Amino acid sequence: MRKSLFVIALSCAFLQAADWLTDGGGPQRTSWQKDEHILNKDNVKNLQIVWKIQLDNKPIEMHSLFPPLIVDKVNTAAGPKQIAIVAGVSDNIYAIDVLTAKIIWQKHFEYPEPKRRGRATDPLCPAGLTATPIIGPPNAAGNRTVYALAGDGEIHSLNVADGEDVAVPFQFGYPYGKSYALNMWNDVLFTTTAQGCAGNPNQMWSVDLKDPKHKVMTYSPKSGGLWGREGAAIDESGVAWAPTGDGRYDPATQTYGNGLVGAKVEGNELKLQDYYIPKNWAWLQSRDLDMQVTPAIFKYKGKELMIAASKECRIYLLDTKAAGGDDHQTPLDRTPLICNEEVNFASAGIWGAMASWEDSKGTRWILSPFWGPSHPDFKVPISNGPVTHGAIVAFKLEEKNGSYKLIPAWMSRDMDQAEPPVIANGVIYAFGSGENTEQAYPDRGLDDNSPERIHDSTHAVFYALDAQTGKELYSSGDQIKSFVHFGGLSIANGRVYLGTYDSILYCFGLGPK
Amino acid sequence: MSLKCCQKGLCATLFALNFAAFAPAQNWMAVGGDAQRSASVRTDAHISDESVKDGVMQPLWKLQLTGSPTPPVIAPRLITYKGFKDLLYVGTSADNVVSIDHTVGKVFWETHLQYDSLLVPVKNGTATCPAGMTAAVSLAAPLAPPLPPAPRGGRGPGTQTTGPGRGGATTAPPTVATLPRPRRTPGAVYAVSSDGLIHSLNQHTGADLVPAARFIRGNAKVHDLISVANVVYAVTSDDCGGAPNAVWSIALENNLVSEWKTGEASVIGLAFATDGTLYATTTKEIAALDQKTLKVKAEQAGPFATAPMVFKFKDKEYVAAGNVSGHVFGMDQVTLALLVNVPGHGVSMGTALASWEEPESKARWILAVRGASVVGFKVVEENGTITFKEAWKSREIASASAPIVVNGVVFVLASGSASSSAVLYALDGMTGKELWNSGTSIAGYSTTGISSGGSKVYVGTHDGTLYAFGYLLPRE
């Protein structure tokens, strides 16, 4: 025990001021931690579970803990601390001292039971808090606020240091409306909704925190739902981009299903700015292969670009200033099918969110998780073994004479339902969720139900990969005991965090060696 | 397998037809398409006289099956354990039932129905009594056809709308119909194997939903299989395998078998009125049968050559059938009294009729193969009764199959022979003018009819090949 504490304290001594303030690491959702200086590809083989903590959050349907937010140098009553803010689906927020693994404070949002809720056993529409919170910038006094959207649709503004309300809660979304991860741009909060849970419309939502009336501004693409796991990604001009899920494309009626929409706050309205619809949207709709992945936005050679994907299992490269070109349907580049030869809507294809980073040589990398076997026609220069359950695939972005190309680089080892990766200091951190993702069965057809999926789920496995080759550098093996649904990785200051269905938060870091 | 789509000027027409791809689906549930045996798909998002002229009918795929295929039946969009699928089901003479995703032209599942009878299976059949499974499979067919959607879907030019953002103009479809809701739970595919058992197969897997039940004597020549209101009907003819010529039914809830034996007369086919009355034509007569007991309610002397067909004209149903001398009859639905008798002049008659209603004028058309041509009759009212007016006669089509109609386009197969291959023709339903033919795309001849669904027409040939022609939703 003393030795462990010594190691933890030693690790602490070298910690740099890196934060992870929002799902996907930033408004652009690249999932790239640029300020990591402790973990590297030489030492991650020594990763171990530094601590794990059982939280009293009660899972609802398949949901439990959302990706932790990490903020360093928080001035608490007990002095400056690095804190992990973790949200749980049963309307819980936990602030955990990452050095001691002790809960500093916790908050449970109470409210009258909403009149409407999703169908019992439906994994798509859990009651409770479903949006990963977000931590705002420090105020003049250096204090930070975490914004959390409770299951009743109210935004709570809590002091990160002590959990106290710093503002009166206000209504933002529908009760039990299944909001996705919060994002923020110039004091405007964004979220998206999907699946029409509890009668909630599928749309993009925003509210200006500076507006004393907190007018809720919405934009609806009239589609099946904006269900990118990390909500919307925001570009440099403040346009929030979100995939639109299943639906039709009919510009005559402003219907933008099976695509990607960008909306921006103008005055006190949230207005559509641009959109991209794949040319084969009708095929995507007919097979439920919708665009449903949070894009990642990044700068490349002076241009702001964006990557998006679909369950069809291909990646689109788009210009945020002209997504899809003049006809809104021509991307800068589009990969071949990476997976999902079977054309499955449930357990194959690209799910979750994209990721991107740039190495020291200036090479821009594109990362995508996918589920199911890799497509037999898709070839990568570096393969790390046969892929049957999912993997991370990496592309390099190249530009020649204004023409952009996504060049396949490597594919990781097999992962049981690979989830969105995060990148830090030349290492990719990824995990197979171990979640059973079946929604239909041979004898019954469609019967998506939580009890059966929970029963048939296994456990997550956390990996560290060489970012240049995808080679496995570390695997958690069977140390994680439960699966992950709608959870995700966070990384800062030599620690990688992952919450599981059984409401255990794991913290991986370097071991005694 | 070959896949082709969107060639030459077709893209423009498809754009006009729009990406709207999704008019409410009408399924081809049994031989003749529906319980009335209209052989008609009333609307189709991509097949119309205009689009066929512009080249929509492309050879899409062909699959080599084991055994000669019977005309496929087509299910609605399904959510299966392997994803959303557009499935057709085809039975073959090898006692196989094959499920094919017709949008991609791939086999989804294949089930062999093991022979289970004390009778020795017939290995080598004859033209009159072929070996193996003879009846096309069936899906559950409603007694009344679903209400027709918008007229002749897919017509009309695109419109100009302005997209947001860069202000660029985008040519867009005028309307985009809603994709039909997919079916979530697996229904049944009904098949009578050569041993005479009725199989209820899971549409998603091909597995027996319930144990197969004894229905008809093995090695019979079974055809006109159809499932209506949880009862499966079929007929037997030509005394094949020692089975009596008869109309048969089996109630699926208790496997109770009923029959109406027709003696020496072979049964030609079945059709239902929307009140459940069942009509059977034989080489001797036509009879109206009780849906449950198969007891005769009315009769009319024959002999007949075609299966019966029930059609609606001005809110009243009638029965039509043709005889061996080329006559086409229209009969009262209740009494089977002759109302129309179009002289045949001794020409030969095809095996089934077809009927469709022109949605704008509500004109009712009856189609028959007479001699070497398809003839289009318009149903008109004269002196308080109906009559059939010959409106057009097609070009000569050798050994023409029973015609079918898709959104006002008539399709008929020149069946070919041992020395000539089959050719599929598309005719304008209003004029009979040839719009398209499949040329040399089909190798081999066909002994069964054609069917349609999902903007495609399917042709099976004697050598076990199933061809699909029509429109393929672009995947890329």
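On a 1 Å grid over the protein atoms alone, a cavity is a set of points where a 1.4 Å probe fits but cannot get out. Its volume is the space filled by probe spheres set on the points, which are joined across faces, edges and corners.

The model is predicted: local features need pLDDT of at least 70, side-chain atom pairs count only at pLDDT 80 or more, and totals for chains, interfaces and linings use all residues. Residues are numbered from 1 along each chain as its sequence is written.

**Exercise 1.** Describe the second largest cavity by volume and lining.

Step 1. The whole structure holds eight cavities of 30 Å³ or more.

**Exercise 2.** Describe the interface between chain B and chain A by contacts and buried area.

Step 1. Count contacts (heavy atoms within 4.5 Å): 38 residues of chain B touch 42 residues of chain A.

Step 2. Take the buried area, the accessible area (1.4 Å probe) that two parts lose on being put together, summed over both. For these chains that is about 3200 Å², with 54% on carbon and sulfur atoms.

Step 3. Count salt bridges (a side-chain nitrogen of Lys or Arg within 4 Å of a carboxyl oxygen of Asp or Glu). There are four between chain B and chain A. The side chains of R334(A) and E476(B) form a salt bridge at 2.9 Å, N to O.

Definitions and conventions: Chains are lettered from A and ligands numbered from 1 in the order in which they are written. Side-chain values use heavy atoms; hydrogens and water are left out. On a 1 Å grid over the protein atoms alone, a cavity is a set of points where a 1.4 Å probe fits but cannot get out, and a pocket is an open set with protein on both sides within 12 Å along at least five of seven lines; lining residues have an atom within 4 Å of a point.
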